[in-house]
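Take a moment with the sequence and the model.

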Amino acid sequence: MGQFICSRMAGIWDRIDQKLKYYRDFDENLGVLQRLARELSIQLEELEERSSSKRSEEWEEKVEELIEEVEDIEKSIRKWKVFTVAVYLYGRVVVEKIDEAKELLEEGKYYFPNCFKYLILGGGVAAGYAAREFVRRGVKPGELGIISEESVAPYERPALSKGCLFPRNAAKLPQFHVCVGSGGERLEPSWYEEKGIELILSTKIVKAALNSKTLTSEDGTIFKFGTLIIATGSGVVKLSDFGVKGDQAKNVLYLRNVKDADKIVEAMRGKKNGKAVVVGGGYIGLEVGAALRLNNLNVTMVYPDPYCMPRLFTKEIAEFYERYYTLKGIKLIKETSVIELEADPTGEVKKVKLKNGRELEADMVVVGVGARPVTRLFQGQLEMNKGGIKTDGLFKTSVNGVYAIGDVAWFPMKIYNELRRVEHVDHARKSAMKAVEAIMAEGKVVEEYDYLPYFYSRVFDLSWQFYGDNIGETTVLFGNRNPATKKPKFGCYWIKDGKIMGAFLEGGDAEENKAIQNLTWHQPNVDDLRELKEKGLSFAFKFMDFQRTQAV
């Protein structure tokens, strides 16, 4: 009973103390409110003078209403002429109106040209998915801007090597604008306009001042932001980065954006039945090599490694694809590199000189030797490691109000308890959505990013998927790896400390791919490797059955 009385008395004294505070601070609070009202009036006039397209009628009405309320308070105080009555009537109201005025002033800043509450730097996959998530979570018209060096709205980058280069029914914009790659709505330029999102295209940022929250473009335009999302992605590594001469020739091509894809298509049409040299045996090399062959070019691939895709494939997996490519008529030259590209008087490369002394005739050269994250603007301003920008599990960087997503983020991968950087469209999409969820949380607790690495490719009639991590002391291959088979299906498990860490599957359907994904997510123990090899893909399905029985 005594505790109840003490609690009641404490509450009463708190209320009395609050009222006394209104009394003590009334003059000061009223002065603050009057100053804020004047600032809002000036802000409103400036926006009207500039005829800003970003102006919000709702915001203007709220500002005008607040200014009128402040004037009414001033009139009432003059009318009463009794300080205690004024405090009693308006003490609490004045404090509440101060908070409201501050919020309106902050919101008003972003209705000026080139000023944004939220700004995304980069116009790739991650930017498009972030924009969709902002809209889903209630971003207001005029609050969000996207700055991109490209001249088109965000699109699904995998389409460049998996669709744009096909000889028939090739993918073309606007067919592959985001978010069609994940089965979502296609966000064409009109969508951004309808949602009040400003697309600032063909714009290169040359300076970033994160502490002052500004970005400066090549033409000197200054963009201001409240929150910045860095989604600059990766840029191609060029042969000239390795000291190779001649890579500026007009028929030496790279593939990173839609303009690059258009150039390759144009070159294929202009060099019908010609000789194409592909430099690189990774993702881009394999996918572009296949596309060139489908376009009836004579293709030779050159790469320095003993087998293709060494960062992911085992030697045995690589052998299957190399044999398949050979059956398709593609020549493979391994364990050597390009040292010079020799051009003719017209400026086109006609010979590719290799380190092993060979010389290859060429009508066109496509280079795919890697990519590196675009982070130069932020050197010295953000904490970085291994070429990426260090973030937490919600993609916050070391600077408040700045986030990094997609290729540039060096983030905590919970499943392996370590920091990693991932260059893949799946991560670009998911990291974008997670960062926006955190930004728009408004004080709510957001679960940290929990990601399972995922990679895939489609070439010729083949299609593979990989989940997890390709680490471990043992690999277990299963299935049919005969490239002459009409529909080959085979896979591989990576085992570390008795657990399945990674799984690869060629030729799997949606259900089978889902089964290996589930397997690598849960990392079950494997007691008998011989049995795992015999069961192969069925092991993944039996594990799912086991999970169902445990859940009952």
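Leaving aside its neighbours within four places in sequence, which residues is Glu322 in contact with? Start by finding Glu322 in helix α9, which covers residues 315–327. Bear in mind that this is a predicted model. Beyond its sequence neighbours, Glu322 is in contact with Tyr303, Pro306, Tyr307, Cys308, Leu332 and Lys334. Is Glu322 buried or exposed? Its relative accessible area is 8%, so Glu322 counts as buried. The cut-off for that word is under 20%.

Now step back to the whole protein. It has 552 residues, and buried ones make up 49% of them. The protein contains 13 helices and 26 strands. Along its principal axes, the C-alpha trace spans about 100 × 70 × 40 Å. The accessible surface comes to about 28100 Å², and carbon and sulfur atoms hold 48% of it. Contacts also tell us about the fold. Take the contacts with a separation of 6 or more: 64% of them are between residues 24 or more positions apart.

Leu47 sits in helix α1, which runs over residues 2–50.

Turn next to the strands. Strand β9 spans residues 275–279. Four of these five residues are buried, so the rest of the structure largely encloses β9. Its partner is strand β10, residues 298–303. Five bridges join β9 and β10, and the two strands run parallel.

Another group of strands makes an open sheet. How many strands form it, and in what order? Four do, in the order β17-β18-β20-β21, with mixed pairing. The edges are β17 (384–385) and β21 (418–421), and each of these pairs on one side only. Between β18 (residues 388–390) and β20 (residues 409–413) there are two bridges, and these strands run parallel. Look across from Lys390 and you find Trp410 in β20.

Empty space is worth a look as well. Rolling a probe the size of a water molecule over the atoms shows where space is left. The second largest pocket has a volume of about 540 Å³. It is lined by 25 residues, and those closest to its centre are Lys117, Tyr118, Thr227, Ile439 and Met440. Which elements give two or more residues to this lining? They are β1 (115–121), β6 (222–230), β19 (402–404) and α10 (425–439). The largest share is three residues, and it comes from α10. What classes of residue line the second largest pocket? The lining has 10 nonpolar, six polar and nine charged residues.

Most residues other than glycine have a negative phi, and most peptide bonds are trans. Where does this model depart from that? Go to the loop between α5 (159–162) and α6 (189–194), where Pro174 lies. The peptide bond from Leu173 to Pro174 is cis, with omega near 10°. Cys179 also has its place in the loop between α5 and α6. The bond from Val178 to Cys179 is cis, with omega near 15°.

Two residues have a positive phi. Phe460 is one of them: its phi is near 50°, and it is not a glycine. Phe460 lies in the loop between β22 (454–459) and β23 (462–468). With 18% relative accessibility, Phe460 counts as buried. Asp497 also has a positive phi, of about 50°, although it is not a glycine. Asp497 belongs to the loop between β25 (490–496) and β26 (499–506). Is Asp497 buried or exposed? Asp497 is exposed, because its relative accessible area is 63%. The cut-off here is over 50%.

Methods: Residues are numbered from 1 along each chain as its sequence is written. This is a predicted model: local features need pLDDT of at least 70, side-chain atom pairs count only at pLDDT 80 or more; totals for chains, interfaces and linings use all residues. Side-chain values use heavy atoms; hydrogens and water are left out. On a 1 Å grid over the protein atoms alone, a cavity is a set of points where a 1.4 Å probe fits but cannot get out, and a pocket is an open set with protein on both sides within 12 Å along at least five of seven lines; lining residues have an atom within 4 Å of a point. Grid points are joined across faces, edges and corners, and a volume is the space filled by probe spheres set on the points. Ala, Val, Leu, Ile, Met, Phe, Trp, Tyr, Cys and Pro count as nonpolar, Asp, Glu, Lys and Arg as charged, and the others, Gly among them, as polar. Two strands pair if DSSP finds at least two bridges between them. Buried means under 20% relative accessible area, exposed over 50%, partly exposed in between (1.4 Å probe, protein chains only). Contact means heavy atoms within 4.5 Å. Accessible areas come from the Shrake-Rupley method with a 1.4 Å probe; for residues, only the protein chains shown count as cover.
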